[in-house]
Amino acid sequence: MKEFSPLISGPEAAELILESIPSPVILVNNDSTILYINGSMEKFLNVKRSKIIGRPLIQALYNGQAFNKKGGYRSPLMETLLTGREFSGQLMEIKTVYNVAPRLLKVNTFLIKDAGGKIKGACAFFSSNAHDSRIIQPSTVPSEQFETIYAFAEAIGARDGYTMGHSEKVAEYSRLIAEKMGLDLKTVDLAYLCGIVHDVGKIGIPEEVLNKKGPLDSEEYRLIMGHSQMGASILSHISWLDDVVPIIEAHHERYNGTGYPRGLKGEEIPIISRILAVADAFDAMTSDRSYRKAYSLEKAVEELKMNAGTQFDPQIVKVFLELLREYM
Ligand SMILES: [Fe+2]
């Protein structure tokens with residue numbers, strides 16, 4: 001008979017189990033103070049647990065906003081705590097302050113009660129299955145189109161984590177801008193999809209050029225500048241992405257005609273490309289890169305204002321700055 005060494009027991013064992021679970025787990029007190037998050041949740045949120053443990057759930061993860069625009073609870077865990085409604089494997093959109101783009105996850109929540117049935121707190125765990133947690137399929141986008149875009153997103157992510165995170169944020173900003181501009185739902189959804197794949201052409205650029213710390217030589221510049229046409233060329237082989245191709249090709253055109261690859265000007269540039277240009281620049285400026293630290297929000301806003309009318313469509317900058325005021 002094989003000998004088994006005894007497991008540790010008591011609270012230590014409970015914590016060891018929670019830390020070993022590949023699903024993100026979060027535990028709150030009955031006054032909604034965050035008591036614990038496990039390592040998977042730290043990874044999902046991309047934040048150190050010391051920053052959020054001990055804080056009220058809605059403050060720490062939802063910027064103090066308990067409800068979404070439609071009046072629903074932003075946090076299923078909060079809903080469980082306040083209403084007693086428990087979730088079991090339900091697919092839900094999760095978007096905390098740490099996730100720029102919403103994620104579709106399978107959510108499980110339950111109340112924690114003592115022996116007398118008194119509520120002591122609540123716990124949530126989310127499915128960590130990659131197929132359950134994915135970029136959300138916009139309502140007007142047919143499945144085959146979305147699946148193709150999703151496959152490209154995975155390819156970008158496998159190659160380069162920074163570009164994937166950047167693409168998700170550009171997608172989300174672009175969707176919000178298009179919505180605020182009053183564009184129709186199909187265009188809003190298309191803006192989101194284009195954000196996801198706008199840099200797909202970077203797959204062809206060598207790693208050392210993409211993340212080079214020093215200045216680029218002319219050949220390296222040529223490679224980087226080729227990515228918008230390369231992306232358009234890759235996507236052009238898929239017939240149902242016809243709408244996406246010219247948008248991706250033009251995402252580095254500039255409003256005053258000094259961009260690339262064609263030097264298109266003003267309204268010659270597709271509207272979604274003009275939106276992507278603003279979203280792309282803003283996210284690039286506000287992220288740390290291998291060659292420089294992130295700009296402050298104020299400095300990034302200054303840059304957008306300074307380049308409105310030259311690099312960027314001034315109307316789109318105006319809308320984006322309004323959005324920033326609303327959200328931040
Ligand atoms: Fe780009």
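This is a predicted model: local features need pLDDT of at least 70, side-chain atom pairs count only at pLDDT 80 or more; totals for chains, interfaces and linings use all residues.
Local features need pLDDT of at least 70 and side-chain atom pairs count only at pLDDT 80 or more, while totals for chains, interfaces and linings use all residues. Residues are numbered from 1 along each chain as its sequence is written, and side-chain values use heavy atoms, with hydrogens and water left out.

Now for the metal. The iron ion is held at 2.2 to 2.3 Å by D199 through OD and by H227, H251 and H252 through NE2; donors here are N, O and S atoms within 2.8 Å of the metal (3.2 Å for Na, K and Ca), and with water not among the atoms, sites may look incomplete. Angles among the four donor atoms run from 83 to 172 degrees, and the site comes out as irregular. Along the sequence, the donors follow the pattern D-x27-H-x23-H-H. H227 in helix α10 (residues 227-235) and H252 in the loop between α11 (244-249) and α12 (271-285) are 25 residues apart and link distant parts of the chain; helices (H or I, at least four residues) and strands (E, at least two) are DSSP runs numbered from the N terminus. H227 is buried at 2% relative accessible area, whereas H252, at 22%, is partly exposed (buried is under 20%, exposed over 50%, partly exposed in between, with a 1.4 Å probe and protein chains only).

The second largest pocket has a volume of about 1,100 Å³, a volume being the space filled by probe spheres set on grid points joined across faces, edges and corners. On a 1 Å grid over the protein atoms alone, a pocket is an open set of points where a 1.4 Å probe fits, with protein on both sides within 12 Å along at least five of seven lines, and lining residues have an atom within 4 Å of a point. H252 turns up again here, among the residues closest to the centre, as does Y260. Helix α12 gives the largest share of the lining, five residues.

Y260 is joined to P261 by a cis peptide bond, with omega of about 5 degrees.

Terms used:
Four donors count as tetrahedral if all angles lie between 85 and 135 degrees; four count as square planar and six as octahedral if opposite donors are over 155 degrees apart and all others between 65 and 115; anything else is irregular.
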